[in-house]
Amino acid sequence: MNNKQRILQQGPLMPGLEARLAEAYDLHRLDTQADPETFLAEHGDGFVGLVTSAAVGADAALIDALPALKVISSFGVGLDKLDLDAAARRGIAVGNTPEVLNDCVADLAIALMLDVARRTAAADRFVRRGEWLEHRFPLGRRVSGAKLGIVGLGRIGRTIARRAGGFEMDIRYHSRRPVADVPWQHEPSLLALAGWADYLIVITAGGAGTHHLIDAEVLDALGPDGFIVNVSRGSVIDEAALVKALVDKRIAGAGLDVFDREPHVPGELMHLDNVVLLPHIASATRETRQAMADLTFDNLQAFFRDGQVLTFAG
Ligand code: DGY
């Protein structure tokens, strides 16, 4: 008879985390493609914990199909794919992995800003194609001292702003409410922020409240000399409007770590030289991913030991 707590793992996790979970719990893995109903008919219910990730989440149908569920531990900070209302209705505790990824996500936002401005990825392609022998690489744009608008001044937004301070950038931000005790100017109008900024970094939470927050009008306010960087969620930008603005050169360029329907990237973007495309890697360093895995495990352990997760998300 197995006395370990029954835990359902939804989708793939880092192998080390999966091994720790399998050692500590009675772990069953539900693949992303599998039908939950068939899976649960075979494996029975009685799952008290669910481990998932920001990329996979958990919808109301799955949460409701697990009558014994008490805790959800999610690998990642984003909660846009996790139905927090469905969990709250049943008093299910939800933990995620904030803070530990702030530095690496902020680092990548700065890297993307530098890359779109100085065109390092394009310059690398230029050298590899042997074009340096024929002509000079086109001039880039200056980052130091330029105007940076940050959309969303949460934990990661503030970390980005501190880094940008090192580049002596003039920094303003847009968020629903002004953030207390920060040295940067709050801009209540997103359009005004975009109109002012040379660079706009988007790092607000995903979900219904921010869906297509950046639309054609905001992109036009940013203008033909403005660059946009997105390290939040693809859904925050109207992707069709962004593609059109880039193709028509109504903005100068974009650095994108996230897309609307990952891993699908709009075909038009593949042929543009004024974009940098990354496969959602903002938190993807060995150190940060290990810290996220540890926190995912510790949240579950804390819940079963003390009745609460360490990082309460809902
Ligand atoms: C997060 O933690 O939310 C990252 O974006 C990975 O999905």
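These notebook entries record what I looked up in the structure.

**Entry 1: the model.** I noted that this is a predicted model, in which local features need pLDDT of at least 70, side-chain atom pairs count only at pLDDT 80 or more, and totals for chains, interfaces and linings use all residues. Residues are numbered from 1 along each chain as its sequence is written.

**Entry 2: domains.** I looked up the domain assignment, whose bounds come from an automatic or database source. It gives domain 1 as 6–100 + 287–306 and domain 2 as 102–277. I found the C-alpha centres of domain 1 and domain 2 to lie 32 Å apart. Five residues of domain 1 are in contact with seven residues of domain 2, where contact requires C-beta atoms, placed from the backbone, within 7 Å. The side of domain 1 that touches domain 2 has one nonpolar, two polar and two charged residues. For these classes, Ala, Val, Leu, Ile, Met, Phe, Trp, Tyr, Cys and Pro count as nonpolar, Asp, Glu, Lys and Arg as charged, and the others, Gly among them, as polar.

**Entry 3: UniProt records.** I then turned to the annotations, which use the numbering applied here, have shortened feature names and may be inferred rather than shown by experiment. An unreviewed UniProt entry lists "domain: D-isomer specific 2-hydroxyacid dehydrogenase catalytic" over residues 31–308. I noted 37% helix and 14% strand for residues 31–308, with the end C-alpha atoms 27 Å apart. The unreviewed entry also lists "domain: D-isomer specific 2-hydroxyacid dehydrogenase NAD-binding" for residues 110–282. Residues 110–282 are 32% helix and 16% strand, and their end C-alpha atoms are 11 Å apart.

**Entry 4: the ligand.** Which residues surround the ligand? I listed Ala-54, Ala-55, Gly-76, Val-77, Gly-78, Leu-101 and Ser-283; a residue is near a molecule if its C-beta atom, placed from the backbone, lies within 6 Å of it. By class, this shell has four nonpolar, three polar and no charged residues.

**Entry 5: strands E1 and E2.** Helices (H or I, at least four residues) and strands (E, at least two) are DSSP runs, numbered from the N terminus. Two strands pair if DSSP finds at least two bridges between them. I saw that E1 (residues 6–10) and E2 (residues 26–30) pair in the parallel sense over five bridges, with Gln-9 opposite Arg-29 in E2. Together with helix H1 (residues 15–24), E1 and E2 make a right-handed β-α-β unit. Right-handed here means that, with the strands pointing away from the viewer, the path from the first strand over the helix to the second runs clockwise.

**Entry 6: the open sheet.** I traced an open sheet of seven strands in the order E8-E7-E6-E9-E10-E11-E12, with parallel pairing. Its edge strands are E8 and E12 (275–277), each pairing on one side only. At the E8 end, E7 and E8 (residues 185–186) share two bridges, and Tyr-173 has His-186 as its bridge partner in E8. Five bridges join E6 (residues 147–151) to E7 (residues 170–174), and Leu-148 is partnered by Ile-171 in E7. With helix H7 (residues 155–165), E6 and E7 form a right-handed β-α-β unit. At the E12 end, E11 (residues 253–256) is joined to E12 by three bridges, and Ala-254 stands opposite Val-275.

**Entry 7: backbone details.** Where is the cis peptide bond? I found it from Glu-262 to Pro-263, with omega near 5 degrees. Pro-263 lies in the loop between E11 and helix H11 (267–270). I also noted His-212, which has a positive phi of about 55 degrees although it is not a glycine. His-212 belongs to the loop between strand E9 (199–202) and helix H9 (216–222).

How values were computed. Contact = placed C-beta atoms within 7 Å.
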